[in-house]
Amino acid sequence: MLGLVVQPVAVLAALAAFVVWLTTADLTTAERTTLNPSDLLGYTGEHLALTFVSAVIVLVIAVPLGVVLTRGPFRRVSGPILAVANFGQAAPAIGLVVLLAFWLGFSFWAAVVALVLYAMLPVLRNTMIGLQSVDGRLVEAGRGMGMSSLAVLFRVELPLAVPVMLSGIRTALVLLVGSAALATFIGAGGLGLLITTGVNLFLPRVLVSGALLIALLALLIDWLGRVVEHVARPKGL
């Protein structure tokens, strides 16, 4: 519980320190142009858009797929599908982004497809693990009360699987925030642009600023995920 308070305070303190440094530091013209507040807000907005659009698509695909793969005959194909999801995450993220960009075009949506493939595994795997870890006696008790299979799923299995599922979703969100920095290589924007600009123009303070903002954003998203986990956890678990 203490971590839920300390983490956002630390993030806000680091962000405040960055703002103070940005307004008082003796920056060169190139650094000042790259780090002007309106552009920083624009890059942050692009980064968040990449993250949350990808996250929504991951949830829409991975959660229902995870449920289906724990039902009856579909369990037999769960191994191959998990293997494909493992490949998506095992492949180097930058390679995945660039390869898909050559196929789909250098655009926002190419970056989204790559991010979805990269972040699918934690949500899919945790959905399956959460459902498979539900005590079979509770499922049988629900059926003994006259519930249909669908009612047992929504009223017994999914509520009990929520903590494990939310942990996978939080992991995927943090992965997406970090990986979204690579979208800049295919012209999809985001805070990664600060890193590439810093490297290409030999501006270390711009590079560090980009890395810091991405790290703070990841910590903030992680904190929001932990808050949702805490609130959504069924009472008594």
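User: What pattern does the chain follow, read along the sequence?

Analyst: A word on the basis: this is a predicted model, where local features need pLDDT of at least 70, side-chain atom pairs count only at pLDDT 80 or more, and totals for chains, interfaces and linings use all residues. Residues are numbered from 1 along each chain as its sequence is written, and side-chain values use heavy atoms, with hydrogens and water left out. Helices (H or I, at least four residues) and strands (E, at least two) are DSSP runs, numbered from the N terminus. Here the pattern is α-α-α-α-α-α-α-α-α-α. That is ten helices and zero strands.

User: What box do the C-alpha atoms fill?

Analyst: Taken along the principal axes, the box is roughly 75 × 45 × 20 Å.

User: What percentage of the chain is buried?

Analyst: Buried means under 20% relative accessible area, exposed over 50%, and partly exposed in between (1.4 Å probe, protein chains only). Of the 237 residues in this chain, 43% are buried.

User: How do I read contacts along the chain, and what percentage join residues at least 24 apart?

Analyst: Contact means heavy atoms within 4.5 Å. Take the contacts between residues at least 6 apart in sequence: 76% of them join residues at least 24 apart.

User: Show me one residue. Where does Leu219 lie, and is Leu219 buried or partly exposed?

Analyst: Leu219 lies in helix H10, residues 204-232. Leu219 is partly exposed, because its relative accessible area is 41%. Leave aside neighbours within four places in sequence, and Leu219 is in contact with Gln7 and Val11. Val11 is 208 residues away along the chain, yet the two C-alpha atoms are separated by 7.1 Å.

User: Now Asn126. Is Asn126 buried or exposed?

Analyst: Asn126 sits in helix H6, residues 108-132. Its relative accessible area is 12%, so Asn126 is buried. Beyond neighbours within four places in sequence, Asn126 touches Val164, Met165, Ser167 and Gly168.

User: Which residues of helix H9 are buried, and what do they pack against?

Analyst: H9 spans residues 192-200, and its buried residues are Gly192, Leu194, Thr196, Thr197 and Gly198. They pack against helix H2 (29-34), H3 and H10. Just after H9, Phe202 takes a positive phi of about 55°.

User: How do I read a pocket, and what volume has the largest one?

Analyst: The search uses a 1 Å grid over the protein atoms alone. A pocket is an open set of points where a 1.4 Å probe fits, with protein on both sides within 12 Å along at least five of seven lines; lining residues have an atom within 4 Å of a point. Grid points are joined across faces, edges and corners, and a volume is the space filled by probe spheres set on the points. The largest pocket has a volume of about 420 Å³. It is lined by 19 residues, and the closest to its centre are Leu15, Phe18, Leu41, Thr44 and Leu213. Helix H1 (2-24), helix H3 (37-68) and H10 each give two or more residues to the lining. H1 gives the largest share, seven residues.

User: How many aromatic pairs does a search of the whole structure find?

Analyst: Rings of Phe, Tyr and Trp (its six-membered ring) pair if their centres lie within 6.5 Å; planes under 30 degrees apart count as stacked, over 60 as edge-to-face and the rest as tilted. The search finds three pairs. One of them joins Phe108 and Trp109, edge-to-face, at 5.2 Å centre to centre and 90° between the planes. Phe108 is partly exposed at 26% relative accessible area, while Trp109 counts as exposed at 51%.
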